[in-house]
Amino acid sequence: MRSLLLIPLAASLTACATIPEPAAVTLTGTVAYRERIALPADSRLIVSIDDVSLADAPSVTIAQNQIVTAGQQVPISFALSYDPAKIEPGRSYAVSARILDGRGRLAWITDTRNALPPPGQNIALNLVQARR
């Protein structure tokens with residue numbers, strides 16, 4: 001009798017185990033700006049993917065990565081992993097970047113909308129100097 005009870009349990013566990021988890025997708029790209037101004041060694045680059053579908057509501061961050069530049073200068077390469085299940089058809093997604101100085105003040109930022117490219121495609125983000 002006990003073995004008969006275990007058969008449906010084993011079957012349900014097997015069914016659960018065969019459902020594949022969605023693999024993370026990695027967005028790669030570069031961040032740069034035109035001016036010939038060196039970044040302070042303690043700067044931080046922040047790259048984000050946001051759902052920007054609703055014009056009258058705050059965007060929703062899907063993924064974000066922070067990179068300490070440690071003296072590295074532009075162009076700076078980045079990789080940002082995200083869950084493709086969070087990308088819904090019919091919605092709008094944007095990639096943005098900003099660079100903060102060592103005190104956490106905004107120094108550089110993207111000022112145009114950069115659409116999230118299809119998986120496997122790189123993106124080049126151009127930043128402008130923030131006004132203080």
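Asn-114 sits in the loop that runs between β6 and β7. In this predicted model, Asn-114 counts as buried because its relative accessible area is 15%, below the 20% cut-off. What does the side chain of Asn-114 find there? One of its polar atoms lies 3.0 Å from the backbone oxygen of Thr-112. Setting aside residues up to four places away in sequence, Asn-114 also touches Tyr-93, Ala-94, Val-95, Ile-123 and Leu-125.

Leu-125 turns up again in the largest nonpolar core. That core has 25 residues, and Val-47 and Leu-125 are the members that touch the most others. Two or more core residues come from each of β1 (25–32), β2 (44–51), β3 (60–68), β4 (76–82), β5 (93–100), β6 (106–110) and β7 (123–129). As for Val-47, once its neighbours within four places in sequence are left out, its contacts are Val-31, Ala-63, Gln-64, Asn-65, Phe-78, Leu-80, Val-95, Ser-96, Ala-97 and Leu-125.

In what order do the seven strands line up? They run β3-β2-β5-β6-β7-β1-β4, forming an open sheet with mixed pairing. The edges are β3 and β4, each of which pairs on one side only. From one strand to the next, the twist averages 25°. Inside this order, β2 and β5 pair in the antiparallel sense, with eight bridges between them.

Turning to charged side chains, the count of salt bridges is two. In one of them, Arg-91 and Asp-51 meet at 2.7 Å, N to O. Which parts of the chain does this pair link? Distant ones: Arg-91 belongs to the loop between β4 and β5, while Asp-51 is in strand β2, 40 residues apart. Asp-51 is buried, since its relative accessible area is 10%, whereas Arg-91, at 34%, is partly exposed.

The side chains of Asp-101 and Arg-105 form a salt bridge too, at 3.0 Å, N to O. Are these two residues buried or exposed? Asp-101 has a relative accessible area of 9%, so it is buried. Arg-105 has a value of 38%, which makes it partly exposed.

Methods:
Residues are numbered from 1 along each chain as its sequence is written. This is a predicted model: local features need pLDDT of at least 70, side-chain atom pairs count only at pLDDT 80 or more; totals for chains, interfaces and linings use all residues. Side-chain values use heavy atoms; hydrogens and water are left out. A nonpolar core is a set of buried Ala, Val, Leu, Ile, Met, Phe, Trp, Tyr and Cys residues joined through side-chain atoms within 4.5 Å. Buried means under 20% relative accessible area, exposed over 50%, partly exposed in between (1.4 Å probe, protein chains only). Helices (H or I, at least four residues) and strands (E, at least two) are DSSP runs, numbered from the N terminus. Contact means heavy atoms within 4.5 Å. A polar contact is a pair of N or O atoms within 3.5 Å; within protein, one must be able to donate a hydrogen and the other to accept it, and residues adjacent in sequence count only if both atoms are side-chain atoms. A salt bridge is a side-chain nitrogen of Lys or Arg within 4 Å of a carboxyl oxygen of Asp or Glu. Two strands pair if DSSP finds at least two bridges between them. Axes are lines fitted to C-alpha atoms, for helices over the stretch in contact, and angles run from 0 to 180 degrees between N-to-C directions.
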